[in-house]
Amino acid sequence: MEHILFSINNGVGKITLNRPDVLNSFHMAMGKEMREVLEECKNNKAIRAVLITGAGRAFCAGQDLAAAIAPGADIKVIVQEQYNPIVLGIRNLEKPVICAVNGVAAGAGANLAIACDIVLAAYSSSFIQAFSKIGLVPDTAGTFFLPRLIGMQRATALMMLGDKITAEQAMEFGMVYRVLPDEALMAEAEKLAEQMATMATKGLGLTKRLLNASFTNSLKEQLDMEGELQAMAAKTQDNAEGVKAFLEKRKPVFKGE
Ligand code: T3D
């Protein structure tokens, strides 16, 4: 791959957006590679957690604006064929996806980050719903996740004003789980991903399925789904191992099965 670095270590598939000269902004080729690695993360049993980050000083500046105005570029195609499958790829991946925001996250880059399961951010990072500044509307599921994470009032203000917020503000608002010193971010993100890769993967995947559905289900539908998925989790080898280990007063060894 040319625009994405991908490695697998200790059960973690690490995806690094790698176009640092243009702040890791997306063009079609990088979008295609991103979709391919997400597919690999889904299909490869050795991968039990995913970590997404950016190379250089930025996380991702969203759409490559030069590519967006290149002859033949079709914005509808870019959104539908590039960003939408990436968001669905992350949300439908039944493994934890951690995002390490190492620098500015703008436009589709900001929304890519908040589509992930757990977001860690460096103190120096920032988030910008940059779309309004160039006359566009937010995409990459920003209008879905941001109001749900931070409430309609704040989401509207951020999306209409295009204000830059700091990592600490993002955490206060509920977009980020932890803010870390810049030099500690990657080690902490890798540690968290490696820890999650040793957990009961199927249970975590089913938890994600439930959380995805909770945005749109009624209380009754959600309760029914919890019952169904709990029955599925109870049939996993990891559940048997978890209970056995508890009773034997030892640490469980989960295999993700
Ligand atoms: O097709 C469609 O348009 C539909 C899809 C839309 C999805 C979207 O994401 S729309 C939103 C697109 N993104 C933006 O509008 C953000 C544009 N970038 C910025 O506002 C700023 O670069 C940042 C606030 C992110 C960072 O500012 P700063 O001062 O730290 O860096 P800089 O100097 O502006 O950028 C550094 C270089 O990266 C610079 O190139 P140069 O001068 O060194 O050769 C700059 O042009 C380049 N760069 C930054 N963002 C983009 C970019 N090049 C192409 N596309 C970018 N999005």
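The questions and answers below walk through a predicted model, from its ligand to its strands, helices and loops.

Biologist: How many residues surround the ligand?
Modeller: A residue is near a molecule or strand if one of its heavy atoms lies within 4 Å of it. The closest ones here are Arg57, Ala61, Gln63, Leu65 and Ala108. The number that surround the ligand is 23.

Biologist: Which atom of the ligand lies 2.9 Å from a backbone N or O atom of Ala108?
Modeller: Take polar contacts as pairs of N or O atoms within 3.5 Å; within protein, one must be able to donate a hydrogen and the other to accept it, and residues adjacent in sequence count only if both atoms are side-chain atoms. A backbone N or O atom of Ala61 lies 2.9 Å from a nitrogen atom of the ligand. For Gln63, a backbone N or O atom lies 2.8 Å from a nitrogen atom of the ligand. For Ala108, the ligand atom is an oxygen.

Biologist: How much of the ligand's accessible area does the protein cover?
Modeller: Accessible areas come from the Shrake-Rupley method with a 1.4 Å probe; for residues, only the protein chains shown count as cover. On its own, the ligand has 1,000 Å² of accessible area. The protein covers 64%.

Biologist: Which elements give two or more residues to the shell around the ligand?
Modeller: Elements are DSSP runs numbered from the N terminus: helices (H or I, at least four residues) and strands (E, at least two). The shell has 15 nonpolar, four polar and four charged residues. Nonpolar covers Ala, Val, Leu, Ile, Met, Phe, Trp, Tyr, Cys and Pro; charged covers Asp, Glu, Lys and Arg; polar covers the others, Gly among them. The elements are α2 (65–68), α3 (75–91) and β6 (104–106).

Biologist: Is strand β5 buried on one face or on both faces?
Modeller: Buried means under 20% relative accessible area, exposed over 50%, and partly exposed in between (1.4 Å probe, protein chains only). Five of the five residues of β5 (residues 97–101) are buried. Val97, Cys99 and Val101 are on one side, and Ile98 and Ala100 on the other. The cover is on both faces.

Biologist: Which residue of β7 stands opposite Cys99?
Modeller: Two strands pair if DSSP finds at least two bridges between them. Three bridges join β3 (residues 49–54) to β5, running parallel, and Leu51 stands opposite Ile98. Four bridges join β5 to β7 (residues 118–122), also parallel. Opposite Cys99 stands Val119.

Biologist: Which helices do the buried residues of α5 pack against?
Modeller: The buried residues of α5 are Gly142, Phe145, Leu146, Pro147 and Ile150. They pack against α3, α4 (108–114), α6 (152–161) and α7 (167–173).

Biologist: What is the phi of Gly151, which follows α5?
Modeller: Gly151 lies in the loop between α5 and α6. Gly151 is partly exposed because its relative accessible area is 24%. Its phi is positive, near 95°.

Biologist: Is Lys249 buried or exposed?
Modeller: Most residues other than glycine have a negative phi. Lys249 has a positive value, near 55°. Lys249 lies in the segment after α11 (237–247). With a relative accessible area of 77%, Lys249 is exposed.

Biologist: How far apart are the C-alpha atoms of Gly11 and Met196?
Modeller: Gly11 lies in the loop between β1 (4–9) and β2 (12–17). Gly11 is buried, as its relative accessible area is 17%. Gly11 and Met196 are 185 residues apart along the chain. Their C-alpha atoms are separated by 8.9 Å.

Notes
Residues are numbered from 1 along each chain as its sequence is written. This is a predicted model: local features need pLDDT of at least 70, side-chain atom pairs count only at pLDDT 80 or more; totals for chains, interfaces and linings use all residues. Side-chain values use heavy atoms; hydrogens and water are left out. Contact means heavy atoms within 4.5 Å.
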